[in-house]
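The structure is shown first for reference.

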Amino acid sequence: MPQDNAGIAGASRRLALRGRDRELRTLGELFERARAGSGGALVLAAGTGLGKTALLDTGRQDAAGFHECGVRAVEPESAAPLAGLRRLFPDCELGPDRAHRALVELSGDSPVLCWVDDAHHLDRASLEALAFAARRAETAPLVLLFTTGLGPGAVTVPDELADLPLLRLEPLGPADSLRLLDDHVPYGLPEGLADELVVLASGNPLALIELAGDLTPEQLGGSEPCPTAPPAGSRIRSAVDRSLRGLPAQARLLALLPAVDEDLDLSTLMRAAARVAPSALDEAEASGLLVVDGDRVRAPDELTRSSLSAEAPPSLRREAHRLLSEVLDARQHRARWLWHRATLTPRTPDGLADELGDAAEEAGQAGDFSVSARTYERAARLSGDAETRALRLVMAGRDSWLAGRRGHSRALLRRATPLIRSRRLRGMTQLLRGAIELAEGVPAIADRNLTGAADELAGTDRRLALTALMLAGEADFAAGDFRAYYANARRAEELRTPADGPQVRLMLDHFAGLAATFRGEHGTAVPSLRRVVRLAEAVDDTASSVWASQAAFVLGDAEGSLRMATRALTSSREQPVALLASWAGVYQSLSALLLDRYAAAEASALEGLRTARALGQRNFAISHLSILTLVAALQGDRHTARMRLDATSEEIAVRGLGRTGALSSWAIACAELAHGRHTDALARFSSMAPGSGRGNVAMRAMAAPHYVEAAARCGRRETADRTLRMFDAWAHSAGSLPRIALSHRCHALLAEHDTDADWHFREAVRLHRDAGTVLELAKTELLYAQWLRGRRKPRAARDHLAEALRIFEQYRVPHWVEHTSAQLRSVGAPVRAAASTGLEALTPKQAEIARLVAEGATNREIAARLFISRRTVDHHLRNIFATLGIRSRVQLSRLLP
């Protein structure tokens with residue numbers, strides 16, 4: 001097992017260097033410039049184990065044709081003047097500028113690469129001479145590379161290299177960490193263990209390799225928990241230990257506090273510092289071993305925290321527990337206080353386990369899932385009875401998931417499974433597995449887990465069994481497997497009894513109503529779905545609000561759907577099933593779109609995307625990103641829509657997300673339609689047909705008005721008529737004004753007689769106004785005007801175009817403003833620029849970008865935050881500057897409150 005950076009370097013020659021593409025590109029560009037005659041220098045800085053030597057050695061492979069010389073500095077030689085230069089140039093006269101001349105002379109007809117690994121160990125005279133050469137490297141075909149270490153707290157680049165370009169290696173992301181783990185553990189790992197190792201390693205390649213190499217057979221078999229720290233003797237642990245020992249005693253104690261209490265808060269830390277020595281807190285922070293992040297106090301990462309806990313002497317850990325037990329509020333932080341007291345006062349294991357279990361339940365009810373999960377796990381370790389231990393592990397797994405620690409949640413469920421004896425607990429475990437899979441895995445697998453859970457729970461807990469079936473139905477809907485959805489709906493109906501309470505009746509009616517909707521049986525569906533909405537008003541439950549939001553949306557009641565989705569998202573009652581609130585966020589965004597509130601829909605979807613990513617709910621994140629694709633498409637922003645589609649298309653296919661795939665196809669079809677590419681739009685819509693892999697009856701119904709428009713423009717009247725009949729049955733069954741207005745617009749586009757078309761257009765306009773869907777009103781007026789122009793009625797067309805332009809300008813939709821302005825000019829009408837000036841003249845997207853600029857965000861950060869390209873950010877910023885008459889970000893910041 002490799003124990004140092006050189007070991008990682010050796011591994012990197014045999015395996016791909018994971019997660020360093022950007023850094024390798026930088027090195028490659030440096031070598032290319034040297035080949036062209038103009039070299040340069042670069043300092044590669046990284047903490048212990050991040051692979052700076054591996055990067056250097058892998059990058060050197062790109063230096064084909066270079067004369068190469070290098071040295072790996074060692075600490076014992078750092079006090080010997082010119083020791084490094086002597087190793088580099090054993091036959092050369094030495095001096096301050098001699099290194100540069102020697103390197104230039106070495107080049108001849110080929111460029112030169114000179115590298116120094118661990119430059120912080122090089123003697124000062126040698127480092128000064130090489131830094132002198134590095135500052136002049138651009139005048140010759142010469143590249144100088146230095147690697148240097150970083151301390152836990154701050155960069156420790158030698159002063160001699162401080163003015164050279166610096167490339168700091170960041171920890172690997174989770175995906176690259178998993179790939180590296182696969183490279184070193186080709187036989188695979190038990191469920192959840194890989195995720196736990198990735199979290200513990202904190203993106204450190206060496207730590208990940210060490211942890212994988214130190215796994216025991218019991219851990220690999222799943223019967224024992226994941227390691228809690230890197231193995232003894234690890235260079236990473238040793239580096240953390242040196243930093244800890246380098247602190248004064250009081251600062252050392254404070255630095256250890258977040259290692260023994262992962263939920264440490266700032267007020268508790270301040271009380272602890274007041275007892276020890278207030279000045280010691282500054283020293284602890286300066287060491288980098290303790291980080292204050294808002295109200296939270298933590299170690300810089302899980303790797304440092306675990307290493308601190310493992311390396312600290314038992315007496316120091318005991319003192320840390322004692323200090324926290326004295327400053328914590330025993331009532332406000334009962335679970336944490338109880339644990340710290342327990343480490344100091346031995347108790348009967350089962351008695352302490354019961355107290356911890358009660359405290360964990362209280363913390364969970366208060367929404368402190370991180371605390372409750374850890375406390376349940378501690379209680380499980382002390383529980384003598386196997387079934388009780390299993391129950392507490394399952395509860396810890398549930399709350400770990402709610403706290404966003406999904407890998408640890410899977411591992412806890414894995415550990416609980418062999419201990420389970422009762423059907424009810426087995427069903428609860430499968431229910432939780434299925435819910436996690438629904439949020440972040442493959443819906444088809446989630447369905448198997450959830451239907452299995454329903455089988456186990458049907459005889460012991462009917463409500464939980466129904467919950468499992470509801471989630472299974474959601475998985476089927478997400479996958480587009482409607483046959484499985486109908487089967488689960490039948491199973492749910494078999495559980496109905498006359499004595500069912502409102503929550504159970506709500507779930508059963510939801511299942512029945514959606515199943516009937518998917519079959520096209522709208523007369524049956526509408527009463528059931530209306531009962532769902534009515535029952536949810538009386539049931540104060542997050543899950544019920546989610547189901548009601550979905551039901552109201554299907555009914556076309558956008559306001560009701562939005563109200564219920566918002567209630568679900570703000571509900572104070574947190575239950576495991578409440579993670580479906582992420583899906584409520586999807587309906588919050590879709591309802592806003594149905595109401596033509598594009599800015600609100602985008603804001604909601606962006607917030608949902610950020611939340612889903614933070615919790616690791618990848619499937620929900622993809623759903624929100626697909627809605628953002630649709631928002632961009634409806635606004636005519638084809639470039640952004642395509643960029644967002646590219647970010648999800650592969651995962652949609654791999655995970656079998658039929659519903660989201662259909663939504664994405666609809667979005668891109670709308671983008672093509674907005675730009676007059678009717679044939680391309682129709683082809684995109686065809687990918688939503690049954691048998692395409694993205695067939696989804698619900699999404700096809702929602703997309704029907706746009707499909708009819710594309711088909712009508714392409715002369716595909718028969719298919720357009722068939723689609724419109726299906727849409728009419730849905731829209732009229734519940735009396736949804738926005739959808740009935742769209743139905744009239746479609747009938748106008750397909751009408752064979754002018755009088756019929758004119759009547760349908762007028763009805764569509766009237767109903768859009770009644771429904772308040774002003775952007776769809778503007779699009780209908782635009783289509784009506786185009787129809788009137790075809791009948792040689794330019795004056796009538798001009799009135800509708802003017803109204804459409806006013807709306808598009810009011811709602812600041814640039815593509816449609818430009819398109820409608822062109823139509824107005826073509827009928828001879830003057831088009832005046834919008835009169836608004838100042839901040840109110842900015843579009844919603846421009847206003848959001850301006851706000852982020854004022855907060856100090858870079859263009860890259862803004863692009864990532866809004867999920868648009870940097871090119872789009874640049875474009876919007878230029879327009880913002882032009883609109884506001886300013887020339888800099890500083891001026892923009894001053895304009896904003």
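1. Helix H2 covers residues 21–35. Helices here are DSSP runs of H or I with at least four residues, strands are DSSP runs of E with at least two, and both are numbered from the N terminus. The expected span of a helix is 1.5 Å times one less than its number of residues. For the 15 residues of H2 this gives 21 Å, which agrees with the 21 Å between its end C-alpha atoms.

2. The model is a predicted one, in which local features need pLDDT of at least 70 and side-chain atom pairs count only at pLDDT 80 or more, while totals for chains, interfaces and linings use all residues. Residues are numbered from 1 along each chain as its sequence is written, and side-chain values use heavy atoms, with hydrogens and water left out.

3. Which residues of H2 are buried? They are Glu23, Leu24, Leu27, Gly28, Leu30, Phe31 and Ala34. Buried means under 20% relative accessible area, exposed means over 50%, and partly exposed lies in between (1.4 Å probe, protein chains only). Seen down the axis of H2, the buried residues fall within an arc of 160°, so they line one face of the helix; the arc is that of the directions from the helix axis to the C-beta atoms. Asp21 and Arg25, on the other side of H2, are exposed.

4. The cover over the buried residues of H2 includes strands S1, S3, S4 and S5 (166–168), together with helix H3 (52–60). Contact means heavy atoms within 4.5 Å. After H2 comes Gly37, with a positive phi near 110°.

5. Strand S4 (residues 142–149) is largely enclosed by the rest of the structure, because eight of its eight residues are buried. Leu142, Leu144, Phe146 and Thr148 are buried on one side of S4, and Val143, Leu145, Thr147 and Gly149 are buried on the other.

6. Two strands pair if DSSP finds at least two bridges between them. Strand S1 (residues 40–46) pairs with S4 in the parallel sense over seven bridges, and Thr147 of S4 is the bridge partner of Leu44. Strand S3 (residues 112–117) also runs parallel to S4, joined to it by five bridges; Cys114 stands opposite Leu144 of S4. From S3 the chain passes through helix H6 (residues 124–134) to S4 in a right-handed β-α-β crossover. A crossover is right-handed if, with the strands pointing away from the viewer, the path from the first strand over the helix to the second runs clockwise.

7. S3 is mostly covered, with six of its six residues buried. Val112, Cys114 and Val116 point one way from this strand, while Leu113, Trp115 and Asp117 point the other way. S3 pairs with strand S2 (residues 67–72) in the parallel sense over six bridges, and Arg72 stands opposite Asp117 of S3.

8. How many disulfides does the structure hold? The number is zero, a disulfide being a pair of cysteine sulfur atoms within 2.5 Å. For Cys670, the nearest cysteine sulfur belongs to Cys746 and is 12 Å away. Cys670 is buried, at 5% relative accessibility. For Cys714, the nearest cysteine sulfur is that of Cys670, 14 Å away. Cys714 is partly exposed, at 28% relative accessibility.

9. Arg812 has phi near 50° and lies in the loop between helix H42 (794–810) and helix H43 (814–826); with a relative accessible area of 28%, Arg812 is partly exposed. Phe867 has phi near 55° and lies in the loop between helix H45 (859–866) and helix H46 (870–884). Phe867 is buried, with a relative accessible area of 12%.

10. Glu302 is found in helix H15 (residues 302–311) and is partly exposed at 27% relative accessibility. The C-alpha atoms of Glu302 and Leu200 are separated by 5.4 Å, although these residues are 102 apart along the chain. Leaving aside its neighbours within four places in sequence, Glu302 is in contact with Val199, Leu200 and Ser202.

11. Glu361 lies in helix H18 (residues 349–365) and is partly exposed, with a relative accessible area of 42%. Glu361 and Asp399 are 38 residues apart in sequence, and their C-alpha atoms are 10.0 Å apart in space.
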